[in-house]
Structure formats: C-alpha cells, structure tokens
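Please read the sequence alongside the coordinates. The paragraphs after the display take the reader through one part of the fold at a time.

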Amino acid sequence: MIGDEVERYRAPALDKGLDILELLAGSDNGLSQAEIAKALDRSPNEIYRMLDRLVRRDYVRRTPEDRYEITLKLFELAHRKPPLHRLISQATPVMRTFALKSEQAVHLVVQDRNILVVVAQVDGPGYWNVSIRVGSRISLVNTGSGHVFLAFATPEERLLMLEEQDFGSPETMPRELESRLGAVRAQGYEAMPSAQVPGVSNLSVPILGPLGTVIAVLTCPFTQRLDTEAAPDFQTSLELLRQAGHEISQRAPAAVEERT
C-alpha cells in the first residue's frame, strides 16, 4: 500500500532535477553532459533539457570547458533563515513533549569547533530538575553528548575534534574511550553515569541531518525518582529520548552552520 502511494505521487521531472543537483554536489570539478547522463542512466537529450532549466534558474552553471557545476544558490536559500535557529525551533516542541512524558529535563547540544555548546534546554514538569544552562560549554570526552559526536565522526573528523584534548596527541586516545565510542556507534546512543554529578545518568542520542551526519545531540540527565513509582524508569526514558531524536532528525535542516 505504501509503495502504491509513493508511485501515485511520483514527479519524474522533479526527481530528475534533484538527481542532477545531488550528483553535481558530489563533484569537485564539474561534469560534462555525457558524464551526467551516464551516471544517472538517462539519455543525453533528457539530461540536456533539465540542465538547460537548471542553468536558467541559476542552480547550475556551464563552464567555458562545457562542463556543469553546482552554484551557491542552494546555499543562499538555506541561509535566508539561519540553520541553527531553524533547528532550535523545530526541536523545541519535541523536547517539551519528551520532558512531559519522561518527567525529565532535556537539552540540545551542537559542536562549536572542538567545544560543545548547549543551545536549548527544557525542564521536566516537576518541581525539581537536573538541567544545564543554555550557552554552557561542556566537555567532549567525558559527557554523553561528546561521546555521540565522537562516535559518529569519521576518523579524520575525530582527529580534528581531539587535537586540543589532554591525550598528548589524538592518536593516543585511551583504549577504553575508543572501545566505548565503538559501542555507542553500534547501539546508536550513549547511556553513562555522569562524570560531573553523582546519581545522574547521561542519556544521549544523535540528531542526524539528511546526509546522515550528526548535526546535534539530544541529552537527558536522567535521575531516578524515589518519591513515586509512577514516573517513567530509565529504559522508558531512553526509548522516549530515542523517539524524540528520530523525530527531530526528520525535521532537521541539512547542516548547522551558525554557531553561538
């Protein structure tokens, strides 16, 4: 049934144009019409018509060498409203729902070079919470948020992220941390005792952009309630957080360029 609905609302011309843009976005030196047609398994004629429209609309430019390359128009469109503001506005309602259901606080973290910054925070509905002030800068190597960023980074990105840490060099990262990051990547989240506050467990999940990269991390400083048995437990809160992370990822912009 779902497949039928997808076929029913297909837009072949739009798909073709998007295929060309995505192909050119991954090319450093542009591509010829023949190379684009071959890569997309299309005829040169239908590719030419689509390229002509994309050039006229300034999404693609034709070089003097008769090759095609993507312009900065998509970049300009994306930055008409700052990506970080979009991310926060899209994440906040989801964070409020999570806080209400889990009865826990939750915060959103982005990476600012080698430092992590809390950019949004929502308290739980109770009269007490463990929360972190918006604007706080937190550690990369001993927090749940930091572990998620490191775990999902490429080897090259991880080297850059760790270059200012106290390891001597990024290549000498402690073996136990490397093992921990492997587990985080495999299971898709971090759940660890807080290194800052006793009795708190950091639950952290990635926020993924459309290209599959981690653009932010959602973290709940979970504390077990002792005054009631009705409050959601650790496992329930973790599952609610994973659902929230998935929902924000579906709403998230492609990248977070603006930094606080």
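Residues are numbered from 1 along each chain as its sequence is written, and side-chain values use heavy atoms, with hydrogens and water left out.

The sheet is open and has 6 strands in the order 5-4-3-8-7-6, with antiparallel pairing. Strands here are DSSP runs (E, at least two residues), numbered from the N terminus, and two of them pair if DSSP finds at least two bridges between them. Strand 5 (137-138) and strand 6 (190-193) are the edge strands, each pairing on one side only.

On one side, strand 3 is joined to strand 4 by 7 bridges, and the two run antiparallel. Within this pairing, Val 110 stands opposite Val 117, and Gln 111 stands opposite Leu 116. Strand 3 also pairs with strand 8 (residues 214-222), again in the antiparallel sense, over 3 bridges. There, His 107 is opposite Thr 219, and Val 109 has Val 217 as its bridge partner.

How many residues of strand 3 are buried? The count is 7 of its 7 residues, so by the cut-off used here (under 20% relative accessible area with a 1.4 Å probe, protein chains only) the strand is mostly covered. The cover applies to both faces: Val 106, Leu 108, Val 110 and Asp 112 are buried on one side, and His 107, Val 109 and Gln 111 on the other.

Confidence remains to be considered. The mean pLDDT (the predictor's confidence in each residue, from 0 to 100) is 84 for the chain, and 87% of its residues reach 70 or more. Over residues 254-260 pLDDT stays under 50, and the model has 23 contacts for them beyond four places in sequence, a contact being heavy atoms within 4.5 Å. Where pLDDT is low, the predicted coordinates should not be read in detail.

Conventions: Predicted model: local features only at pLDDT ≥ 70, side-chain atom pairs only at ≥ 80, totals over all residues. Helix = DSSP H or I, 4+ residues; strand = E, 2+ residues; numbered from the N terminus. Buried < 20%, exposed > 50% of the residue type's maximum accessible area, 1.4 Å probe, protein only.
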